[in-house]
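Please study the sequence and the structure shown below.

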Amino acid sequence: MTAHPRKPSVPSVPSAKLRASHDDRDAVVEQLRDAAADGLIDFEELDTRVGQALTSKTRAELAVLTADLPQAAPPVEQPPLLLKGGVHGAARGPGRWEVPAHVVVYGGMGGVKLDFTRAQCHHTEVALEAHGEMAGVTIIVPDSWAVDTGGMDPGVGGLKDRTTPDRLPGTPLIRLTGAGGVAGVTVRHPNRWERRKLRGNPVQE
């Protein structure tokens, strides 16, 4: 049997001693500029630290330049809205409510009606996971919103998409996933009766 030569091992390098990249330097410079804008360091010190950042060779040298600055807190992820249709069903809307980036709906035994017509949404896209189950899910969106149903499994009950693709700039896109289940999922714009009620109650909470 021929013995294969053993490959030389590569010594591990502590992360602090790793070479700094252009992106590493740019990130530190940006943090220093933010600190100066917040009054944490003066502009003379900013110039000095930026100059040192641009000539730093390792991550350890960069870390020293921001060690005395508060670190930005990580963004808090908003939990998804969960709706379950129990024996008596469940609904959200048409009163004003804040739309999170993720919504999960289960039709259950009583069904769920999810109405976005008066909702406030600050997201460009909303992930909506809908499961029709035994009683179904009905989703109502404003005329200016659009719905992408490409990720939806129609199941036995099917998917009824009665929306139009006329999305206006700056309005949300609903990305619909999930399964139709036995009763199915319907997504539509307001009907005539709902539109009349909206016009008659323009500031309903």
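**Salt bridges and a helix face**

Asp 143 is partly exposed, with 36% relative accessibility; buried means under 20% relative accessible area, exposed over 50%, and partly exposed in between (1.4 Å probe, protein chains only). This is a predicted model, in which local features need pLDDT of at least 70, side-chain atom pairs count only at pLDDT 80 or more, and totals for chains, interfaces and linings use all residues. Residues are numbered from 1 along each chain as its sequence is written, and side-chain values use heavy atoms, with hydrogens and water left out.

Q: With which residue does Asp 143 form a salt bridge?
A: A salt bridge is a side-chain nitrogen of Lys or Arg within 4 Å of a carboxyl oxygen of Asp or Glu. Here the closest N and O atoms are 2.7 Å apart, and the partner of Asp 143 is Arg 195.

Q: How many residues apart in sequence are the parts that Arg 195 and Asp 143 tie together?
A: Arg 195 belongs to helix α4 (residues 192–200), and Asp 143 to the loop between β6 (137–140) and β7 (146–153). Helices (H or I, at least four residues) and strands (E, at least two) are DSSP runs, numbered from the N terminus. The pair therefore ties together parts whose separation in sequence is 52 residues.

Q: Which residue forms a salt bridge with Asp 148?
A: Asp 148 is partly exposed, at 30% relative accessibility. The N to O distance in its salt bridge is 2.6 Å, and the partner is Arg 175.

Q: Which residues of helix α3 are buried?
A: Helix α3 spans residues 59–66. Its buried residues are Leu 62, Leu 65 and Thr 66.
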